[in-house]
Amino acid sequence: MSTDLNADHRDAAAPPALRCEGLRKAFGRALAVHDVSLSVRQGEILALLGPSGVGKTTCLRLIAGFETPDAGRVAINDREVVGPGAFVPPEHRRVGMVFQDYALFPHLSVAANVRYGLDAAGAPRGDRRLRRWLHAARNRLPGGARAAAADARVAEVLHLVALSRLADRYPHELSGGEAQRVALARALAPGPALILLDEPFSNLDSRLRAAVRSEVRDILKRAGAAAVFVTHDQEEAFTLADRVAVMWDGRIAQVGPPEEIYHHPATRAVAAFVGDADFLPGRLQRDRVETEIGLIPINHRRGVHDTSTGQPAVQAMIRPEQVRLLAAPDGPATVVKRDYFGHDQLVTVRLPSGALLHARLGPEEDFRVGGRVRVSARGGAVLFPPTDA
Amino acid sequence: MIAFGFPFARRAQRRWSSAVPAPAWLLAIAIAAVMALPLVYLIVRALDADADAWNALGRASTFRLLGRTTLLAASVTVASLTLALPIAWLTVRTDLPGRRVWSVLTVLPLAIPSYVGALAFVAAFGPRGSIHDLLSPLGLGSIPEIYGFPGAFLALTLFTFPYLLLMLRAGLRGMDPALEEASRSLGAGSWRTFFTVVVPQLRVPIAAGSLLVALYVVSDFGAVSILRYDTFTRAIFIQYQSSFDRAAAAVLGLELVGLVALILLLESLSRSRGRFHGRGAGTARTATLKPLRRFRWPALAFLAVVVVVALGVPVGVLLHWLVRGWQAGEPFAGTAQAALNSAGVSAAAGLVAVLAAIPVAIVTVRHRSLASGLIERLSYLGFALPGIVVALALVFFALRVLPGLYQTWPVLIFAYLVLFFPLALGAVRTSLVQVRPNIEEAARSLGRSPPRVLATITVPLLLPGLLGGFALVFLTVMKELPATILLRPIEFDTLAVDIWSASSEAFFARAAAPALLLVLVAVLPMTVLISREYRSER
C-alpha cells in the first residue's frame, strides 16, 4: 500500500483536526503519558505505534474524553475540548471511536447500531412488517424528515462499508471482519471530526487482517475522515497511516511518514522496533563509516557530528535487506542460521569479531548453515553515537 | 496477543475508576443508609437494655443457640450446594430430556413458604403422618424423627436450594465454553474438567448463592418454629412474643448481626482472589450439550426424587387438605382478593427493588473499593435479620418520622425492599459484570449523555438480570409473613396472612387453598423467566 502523499498538502489552510499539547497522565505513581504533543491534519491518518504498555491507548482515551489528563490540552478542529478550565464530555467531542473488541451493542441490529449516533430517535424494533409500517408512518409525521434523513445516512454509511445486505443482522451473527466494518460505520455515521481506532485489527486473523486493513484505509479516505489509530504492529502502522508517531515510555519518540521512520529512525530503540536492525561498531571517516564489513556510505546521522580530531567511534545501523552475501570458501563470515519464509529468507551470519548480522535475501539464493561467505552492504547506514554498554 | 500482557493493576484501575458517575454514588449511598435502618434500630433499643440482658449474652444457653444456628446454616448451605450443583449442570449443559420442565420444577420449591413446607412435612413424615400410616401396616413402625434438627435441615434445604440453583444456572450460562473445551483438549476427563475448571469458575455464583441460603436459614422463623428447632431467630421471636422485652431482643439481634458479619466476611474472603469475567454479552456462543447416555436414567431419577420431596409432598398434602376441607364444606371466600393483594404488593416490591439495585450494582461492580464493598455488605443485613426485627425497626422509624405512613402501602413496600434487596442486587450484578464498560463508552462517543446511555444501552443489556431479580423478589415477598402482618394496611389480607391465620388455629384445610394459590401464582413468573433463558439460547 502506497502512502497518500497528497494528504500532506490537503487543506493547508484548514485548522488541524486534532492538536494535543503537553498531555500528561499518571495512574497512581505510574506515568502512562508523558508530555505528548501531536497534531493531525484534516483527512490524515496517524498511527500511534509502540510496544504494549507505553501509553498509546491512554493517549487515545484522553483524546476521546474517557480519561482526564493531569496536564496539557486537546483541541479538535480548533475547539479546545480539554485544557486548563475546559472539559468537554465525550458525547460532545464529535469523536468516533472504534474499540479493540468493537463494542457493538448486542441488543441492536447492525442498522440500529449505525443509527445510534444519529440524532433522530432510535430505530423502532419489532418485527419486520411493523418496522416497515413505522418507517412509512414516520415520514408523514412531524420530525419524520429528520428520521428519514437518518435512515438515508445509515444506508449511505452501510453502503460505504459494503454491508448493506447485513443491515438486519445482529452483532453475534457477524464475522470478525464484518463486525469491524460495522464498528467503523457506526463511528463514521454522525460525521465526526475525528475517528479514533484502538488496536482495530488485533482481533482478526492475520490473513484477514491485511485485507481489512486496506479496506479500512479506503473507507477512511473515501469518507475524508481524519483518524488516529493505535497499534503495536509496525507493518500495520506503515501500510495504513500517512504519518506514524512512535511512542516509547509514555513519550513520542518520533513522528513522520513511514519511510522516514524506517530509514531515518530517531533512536536506536525506534530503529529496532520498526524493523529488523543490526548495529555494527564503526569509525566515522568524513562521509563514510568504516566497519567490519567495509566502508559504508552514510545515509543519516543521529547525534553524530564531525569532529576535527580523529575518527569518532559510532554505531552503524544496517537493515537486513541492505546486506549482500557471496559464497566464498575463504570468506571471513560463517552462516549460522537460515529462516526460509518462501517469499524471502533471513540468513544470519557470524562476523570474525563474533557479531551477528542478518541478511534478507531472495528465496532462490542458496546458503547452507556452516558455509563461508563474504559480506557487503548496499545503500547507506544510519549512524548513532556509540553506546557505553 | 501481546496487547493483553502489560500491567494488569494499572489497566484495571483505568477501566473502572472513571466509569461511575456521581449520581449513581449518591443513590447507592442513600440505599445503603436505608439498609442500615434495622441496625440503627437494634442499637437504639439495645441501649435501653438492662444488665441482665447483656449478661445473658455470656450464658451457656446463648452459646448453645449460636452453635445450633451456625450448625443449621452451615449444613443447609452444604446440602443445598450438593443438590444445586448437579441440577444446574444437568439442566443447563446436558441433553437431559425435558430440560425446560425440570428447570421450572426444580426452582419452584422457592414458592413454598417454609412454614407451609414444614407443616406439610409434619403431616407427611410426622409421628401420625401419612407416610407413617402407609408404612406401619408393613411393619416399618418407626421412621426417623421429623422434629428437631433433621426436619429443620430437610425443610430448609429443600425450600432454599433454588436460590443457589438460580445463581449457578446464570453462572453456567455466562461461562465461556472454550474453557471447558480447553480442559478437555488438555486430556482432562469430564469429571476432572467439571471439578477443576467448571466449579472454580463458578466460585462467584457459588459464594453468592451460598450466602443467600445461609442468611435465609439464619433469618427463618416458620420452619424452625413448626419443626421445633431453636435458633436465634426463634429465640428473638419468643422474646418479643412472650415477654415483650424489646431491649433484650435487640441485644440478641445484635449478636445475630455479629454472626451475619462473620458469614459475610467468609464470603468476601472467598472472592478476594482472582477475577472472573463472563464472556461479553453478545458474543454468545452456546456450549454444545453434553450427551448423558447411560447416566440419563439415574439423572432423571435424581431429579424426580428432589422434585417429589420438595414440591410433590407439600403440594400433595395441600391438595389432600383442600379436598378434605371441600368435603367438610369449608368456605373459600376472600382468597381471590388476597391473591390479588399478594401479587400486587409483590410486583410493586419487585419493581422497586430492581430499580434500587441498578445504582448499587453500578457502584459495586464498576468501582471496587472499601466504600463500595461496605455498601454491598450493608445491603445483606436486612435479608439476614428476622423479618420481625426489620418490621419493628420500620414501625419504630415510621412512627417517629412519618406517623401518617404507618400501616400504609409505601412502608410495607419499603420493608420488603430492606428485607429482600440482596436478591435483586445479586441478579443485577451478575448481568452487569457481563456488560463491558467500553460498550457504554462507545455509546457516549456517539453523542449520548450518560443518562441516555443508561436508558438505551445499559438497562436493555441488564434486562435478564432485572427480570431475574424481579422474579426472585416477587416470589419471596409473596410468602413473607412477619413484616406483612405488622406493617400491612388494616383489612389488607394477603395469601401468606391467610395461610398463617388459618394454620395457627390448626384449620389446615382452610390454609390449603391460599397455599396452593401461592404456588400457582409463582409458577407464572418462574416459567416466563426460564423459557426466556432457553429462547435466548436458540
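Reply: In this predicted model, A:H264 sits in the loop between helix 8 (258-263) and helix 9 (268-273) of chain A. Because 17 C-beta neighbours fall inside 10 Å, A:H264 counts as partly exposed. Apart from its neighbours within four places in sequence, A:H264 is in contact with A:H300 and A:V382. A further reference point is A:M317, which is 53 residues from A:H264 along the chain, with 9.9 Å between the two C-alpha atoms.

Strand 15 of chain A covers residues 313-318 and is joined by six bridges to strand 12 (residues 278-285) of chain A, the two running antiparallel. Within this pairing, A:D278 stands opposite A:I318 in strand 15 of chain A. Strand 12 of chain A is also joined to strand 13 (residues 288-291) of chain A, by three bridges and again in the antiparallel sense. Here A:L284 stands opposite A:V289 in strand 13 of chain A. Strands 12 and 13 of chain A form a hairpin with two residues between them, and A:R286 in the turn has a positive phi of about 50°.

Chain A also holds an open sheet of five strands in the order 16-20-17-18-19, with antiparallel pairing. Its edge strands are strand 16 (323-327) and strand 19 (356-361) of chain A, each of which pairs on one side only. From one strand to the next, the twist averages 40°. Strand 18 (residues 345-350) of chain A is joined to strand 19 of chain A by six bridges, and these strands run antiparallel. A:Q345 has A:L361 as its bridge partner in strand 19 of chain A.

Another open sheet of five strands in chain A has the order 2-1-4-5-6, also with antiparallel pairing. Strand 2 (30-40) and strand 6 (86-87) of chain A stand at its edges with a single partner strand each, so one side of each has no neighbour in the sheet. Strand 5 (residues 79-83) of chain A pairs with strand 6 of chain A over two bridges in the antiparallel sense, and the bridge partner of A:V82 in strand 6 of chain A is A:F87. Helix 1 (residues 56-64) of chain A lies across strand 1 (18-27), strand 2 and strand 4 (71-76) of chain A, and runs at about 120° to strand 1 of chain A. In a regular strand, the side chains alternate between the two faces of the sheet.

Helix packing in chain A may be considered next. Two packed helices are described by the angle between their axes and the distance between the axes. Helix 5 (residues 176-188) and helix 6 (residues 206-223) of chain A pack at an angle of about 15°, with their axes 11 Å apart. Helix 5 of chain A is therefore roughly parallel to helix 6 of chain A, and passes helix 6 of chain A in a right-handed crossing. Helix 5 of chain A contributes A:G176, A:G177, A:Q180, A:L184 and A:L188 to the contact, while helix 6 of chain A contributes A:L208, A:V212, A:V216, A:I219 and A:A223. These contact residues divide into seven nonpolar, three polar and no charged.

Chain B has 26 helices and zero strands. Of its 538 residues, 50% count as buried. Among contacts in chain B with a separation of 6 or more, 84% join residues 24 or more positions apart.

In chain B, helix 2 (residues 22-35) and helix 17 (residues 335-366) pack at an angle of about 115°, with their axes 8 Å apart. Helix 2 of chain B is therefore roughly perpendicular to helix 17 of chain B, and the crossing is left-handed. From helix 2 of chain B the contact uses B:A24, B:W25, B:L27, B:A28 and B:I31, and from helix 17 of chain B it uses B:A356, B:P359, B:V360, B:I362 and B:V363. The residues of this contact comprise 10 nonpolar, no polar and no charged.

Finally, B:G382 lies in helix 19 (residues 381-384) of chain B. B:G382 counts as buried because it has 29 C-beta neighbours inside 10 Å. Beyond its neighbours within four places in sequence, B:G382 is in contact with B:M35, B:P38, B:V390, B:V418, B:L419 and B:F421. The C-alpha atom of B:G382 is separated by 7.1 Å from that of B:F420, 38 residues apart along the chain.

Key. Residues numbered from 1 in each chain as written. Chains lettered and ligands numbered in written order. Predicted model: local features only at pLDDT ≥ 70, side-chain atom pairs only at ≥ 80, totals over all residues. Helix = DSSP H or I, 4+ residues; strand = E, 2+ residues; numbered from the N terminus. Buried ≥ 20, exposed ≤ 12 C-beta atoms within 10 Å, placed from the backbone. Contact = placed C-beta atoms within 7 Å. Pairing = 2+ DSSP bridges. Axes fitted to C-alpha atoms, helices over the stretch in contact; angles between N-to-C directions. Parallel < 35°, antiparallel > 145°, perpendicular 65-115°, else oblique. Left-handed = near helix turned anticlockwise from the far one by under 90°. Nonpolar A, V, L, I, M, F, W, Y, C, P; charged D, E, K, R; others polar.
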